[in-house]
Amino acid sequence: MDTDAFALVHGAEWDRLEQLSKQRRLTGPEADELVRLYQATAGHLSAVRTSAPDPYLVGRLSGLLGQARGRVAGTHELRLADLARFFTITLPTAFYRVRWWTVAVMVAWIGIAVVVGFWTARTPAVIAQLGSPAELEQYAQEAFAAYYSNYPAPDFAAQVWTNNAWIAAQCVGLGITGVFPVYVLLANAVGVGQAGAIMAVFGDLRVFFALILPHGLMELTAIFIAGGTGLKLFWTAVAPGRRTRSRALAEEGRALITVAVGLVLVLALSGLVEGFVTPSSLPTWAKIAVGALVLAGYWTYTLVLGRRAARAGETGDLEQDLAGHTLAQAG
């Protein structure tokens with residue numbers, strides 16, 4: 001398709017659609033004309049996306065149709081039914097579709113953290129690079145545990161949630177690079193492995209797990225989800241399958257942004273556990289049990305509701321009336 005010639009042929013229709021969309025009052029014939037032009041332009045956008053996905057033309061037509069849709073269908077008001085659908089269908093489906101990416105990232109992360117921890121603990125030269133014996137002993141005996149109790153629980157929970165939500169959003173948003181999620185996950189795994197090594201050499205490894213596991217089970221899983229989500233978007237750009245690359249990225253991108261929104265809520269929950277449960281006076285087994293229940297709740301939510309919705313044909317994408325315009329185009 002010659003996009004310049006296509007734009008020249010249909011430019012007058014698009015200009016007229018823009019004019020009618022901005023017009024405050026429409027007569028009956030003008031309203032009918034608006035609907036006709038809206039449908040025709042949606043078909044034009046579908047044809048451009050399929051045959052010659054020129055970014056400028058796709059952006060122009062998408063913006064034009066978004067403006068016109070408000071006049072044709074009215075504004076979309078948020079309803080309780082929309083919220084119910086998001087939490088029972090859209091979100092669990094999006095989580096379900098990245099489950100294997102999540103598991104793969106988790107296995108790789110745990111492997112790296114364990115290897116780094118053992119290597120650091122058994123290599124005096126590496127330990128020496130992390131600090132003097134006095135500094136490392138102070139970290140293991142005091143600073144590590146004090147981190148969870150230096151601030152009031154509500155402030156600490158909010159601080160943890162903000163930091164982790166920002167990291168997760170970056171992993172998803174910059175995932176298409178294929179580099180940023182790997183860097184974040186690697187740095188995190190190395191840091192945790194080294195912290196465990198310091199605790200093993202200069203402190204008590206049981207304290208390390210007692211403070212990490214209650215909130216870390218869900219918090220780290222959320223980071224795994226974010227990293228896996230970003231890498232899935234990168235792989236979609238590399239291997240879009242039968243879809244055009246632009247269409248595949250648009251569809252997957254919308255679904256994966258749903259994951260990012262869900263992770264904000266998941267990390268808020270893990271932040272509450274880290275702020276209120278981890279530093280509490282509960283027995284260690286009870287703290288870990290709380291963290292395990294939160295993690296089990298996530299996987300139950302994802303595997304039960306997500307599998308059911310996926311089998312029904314859901315993808316985690318927006319509904320058709322909100323996602324875009326893909327009408328059948330002949331010729």
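# Helices, cores and burial in a predicted model

Me: How far apart are the end C-alpha atoms of residues 253-273, and how much of the span is helix?

Reply: The ends lie 30 Å apart. The span is 100% helix and 0% strand. Helices are DSSP runs of H or I, at least four residues; strands are E runs, at least two; both are numbered from the N terminus. The model is predicted: local features need pLDDT of at least 70, side-chain atom pairs need 80 or more, and totals for chains, interfaces and linings use all residues. Residues are numbered from 1 along each chain as its sequence is written, and side-chain values use heavy atoms, without hydrogens or water.

Me: Which residues does UniProt list as "transmembrane region"?

Reply: The unreviewed entry lists 100-121, 165-186, 223-241, 253-273 and 285-304. UniProt positions use the numbering here, feature names are shortened, and annotations may be inferred rather than shown by experiment. Residues 165-186 are 73% helix and 0% strand, with end C-alpha atoms 18 Å apart.

Me: Why is alanine 312 called exposed?

Reply: Exposed means over 50% relative accessible area, buried under 20%, partly exposed in between (1.4 Å probe, protein chains only). Alanine 312 has 64%, so the residue is exposed. Alanine 312 sits in the loop between helix 12 and helix 13 (320-323). Its C-alpha atom is 10.0 Å from that of isoleucine 89, 223 residues apart along the chain.

Me: What makes threonine 41 buried or exposed?

Reply: The value is 0%, so threonine 41 counts as buried. Threonine 41 belongs to helix 2 (residues 28-51). Beyond four places in sequence, threonine 41 contacts Trp14, Leu17, Leu61, Leu64 and Leu65. Contact means heavy atoms within 4.5 Å.

Me: Why are alanine 47 and alanine 237 called buried?

Reply: Alanine 47 has 9%, therefore buried. Alanine 237 has 17%, therefore also buried. Alanine 47 is in helix 2, alanine 237 in helix 10. Alanine 237 touches Ile176, Arg245 and Leu249, leaving out residues up to four places away. Its C-alpha atom is 9.7 Å from that of glutamate 252, 15 residues apart in sequence. For alanine 47 and alanine 121, 74 residues apart along the chain, the C-alpha separation is 61 Å.

Me: What makes a set of residues a nonpolar core?

Reply: The members are buried Ala, Val, Leu, Ile, Met, Phe, Trp, Tyr and Cys, joined through side-chain atoms within 4.5 Å. The largest core has 25 residues; Phe95, Met218, Ile225, Ala226, Val259 and Leu263 touch the most other members. Helix 4 (80-97), helix 8 (153-173), helix 10 (205-238), helix 11 (245-277) and helix 12 (284-311) each supply at least two. Helix 11 gives the most, 8 residues. A second, separate core has 16 residues, including Leu34, Val48, Leu57 and Leu64.

Me: Which residues does isoleucine 225 touch?

Reply: Phe95, Val98, Thr102, Val259, Leu263 and Tyr298, not counting residues up to four places away.

Me: How do you know that helix 5 and helix 10 meet, and which residues do so?

Reply: Trp101, Thr102, Val105, Met106 and Trp109 in helix 5 meet residues of helix 10, among them Leu220, Phe224, Ile225 and Trp235. The axes of helix 5 (residues 99-121) and helix 10 come within 8 Å and cross at roughly 115°. Axes are lines fitted to C-alpha atoms, for helices over the stretch in contact; angles run from 0 to 180 degrees between N-to-C directions.

Me: Where do the domain bounds lie?

Reply: Domain 1 covers 3-73 and domain 2 covers 80-322. The bounds come from an automatic or database domain assignment. Their centres, over C-alpha atoms, are 43 Å apart.
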